[in-house]
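Keep it short, and group the points by topic.

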Amino acid sequence: MQRRYITVDVFTDRAFGGNQLAVVLDAGGLTTQQMQAIATEFNYSETTFVLPPRDRANDAEVRIFTPVQEIAFAGHPNVGTAFVLASMAKEPKPRLLFEEKAGLVPVEIVREQGRVIRTELTAPQPLQRLSTLSTAEAASCISLVADDIKTDNHEPQVVTVGNAFLVMALHSREALKRARPDAAAFGKVLPRDGARSVWFYTRDVPAAEAPCERQARMFMRGASGLVEDPATGSATVAAAALFADLDPARDGELKLTLGQGFDMGRPSILSTRVRKQDGKIVSAHIGGACVQMMEGTFRLAGEGNLSFRGARSANSESI
């Protein structure tokens, strides 16, 4: 059986920026083991598999795999998968609803002149603030020292709205640029409360990196060891929820524009908004633009073996 796939760059309005995503459109009949093998073959930070919904009221079941494991929820795979499905749809919808391991994920579709220009997801779970870590052990994961960690707003902490991450603040843009993953420290500190990755940021953003109000980076485990992710929607929306939880405002909508991937040559722009009512977080959202890059087909040549053919560049006009 020939199975179609489309790749997109997510959280960018230009080709070869943002975070790469492969979307397998004809995933019915694939086993979990086959999905994992395909995700490892693509070797992007995530690959999604689109299946018919279990409930006809929803639009699709979406399963998300890194090169090494299936995960319950992720940001850029939802933003990118919604972009692909909405762009292909004969009848445009203002919202898609995905069934995922973490729960139902609604994704809003924004169009201009009939074209999809951005999508925005709503986090599937409320904010959970879990373990706090010492500045020394958190800093060791990214080859920095305790003095590089900024703690006047919050300590290094594991947070989640569907996928857990260790989140920490740095004093300077220079420290953000200097960070490197330390495998030995990772092994000692993580996993912690389900967090296997480190997302860290700074408010020290130069004017040249506008409109970003904060710059971030993220280190995670990949198929070949520790790697950097150019845009991490699930970590960013969890961090945005944390920032809103710490904000004294009791009501309203708190918006932030964050950059990621700038230091690895894949600049990404992530837009967040968090709604609060009576001092409590009502919902957390993250969205951005996407660019379709390639499309093609593959077939299973034999048990556990894959054969790809016909990958070709799609329309990569900025949108």
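Strand β4 (residues 60–65) pairs with β6 in the parallel sense, over two bridges. The model is predicted: local features need pLDDT of at least 70, side-chain atom pairs count only at pLDDT 80 or more, and totals for chains, interfaces and linings use all residues. Residues are numbered from 1 along each chain as its sequence is written, and side-chain values use heavy atoms, with hydrogens and water left out.

- Helices (H or I, at least four residues) and strands (E, at least two) are DSSP runs, numbered from the N terminus.
- Two strands pair if DSSP finds at least two bridges between them.
- Glu 61 has Glu 99, in β6, as its bridge partner.
- β6 also runs antiparallel to strand β7 (residues 103–112), and six bridges join them.
- In this second pairing, Leu 97 has Pro 106 of β7 as its bridge partner.
- A hairpin of two residues links β6 to β7.
- β6 (residues 95–100) is largely enclosed by the rest of the structure, because five of its six residues are buried.
- Buried means under 20% relative accessible area, exposed means over 50%, and partly exposed lies in between (1.4 Å probe, protein chains only).

**Nonpolar cores**

- A nonpolar core is a set of buried Ala, Val, Leu, Ile, Met, Phe, Trp, Tyr and Cys residues joined through side-chain atoms within 4.5 Å.
- The largest nonpolar core has 55 residues, and Phe 98, Val 167 and Trp 199 have the most contacts inside it.
- α6 gives the most to this core, with nine residues.
- A second, separate core has 22 residues, including Cys 141, Ile 149, Leu 176 and Phe 186.

**Helix α1**

- Which residues of helix α1 (residues 32–42) are buried? They are Gln 34, Met 35, Gln 36, Ile 38, Ala 39 and Phe 42.
- An α-helix has 3.6 residues a turn, so residues three or four places apart point the same way.

**Pockets**

- On a 1 Å grid over the protein atoms alone, a pocket is an open set of points where a 1.4 Å probe fits, with protein on both sides within 12 Å along at least five of seven lines.
- Lining residues have an atom within 4 Å of a point.
- The largest pocket has a volume of about 420 Å³, where volume is the space filled by probe spheres set on the grid points, joined across faces, edges and corners.
- Its lining has 28 residues, and Gln 69, Ile 71, Asn 163, Arg 196 and Ser 197 lie nearest the centre.
- β5 (70–71), α2 (75–88), β14 (214–222) and α6 (233–246) each supply at least two residues of that lining.
- The second largest pocket holds about 320 Å³ of space.
- This second pocket is lined by 19 residues, with Phe 11, Thr 12, Asp 13, Ile 269 and Ala 289 nearest its centre.
- β17 gives the most to the lining of the second largest pocket, with three residues.

**Cysteines**

- How many disulfides does the structure hold? It holds zero; a disulfide is a pair of cysteine sulfur atoms within 2.5 Å.
- The sulfur of Cys 212 is too far for a bond, because the closest cysteine sulfur, in Cys 290, is 16 Å away.
- Cys 212 is buried, with a relative accessible area of 8%.
- Cys 290 also counts as buried, at 1% relative accessibility.
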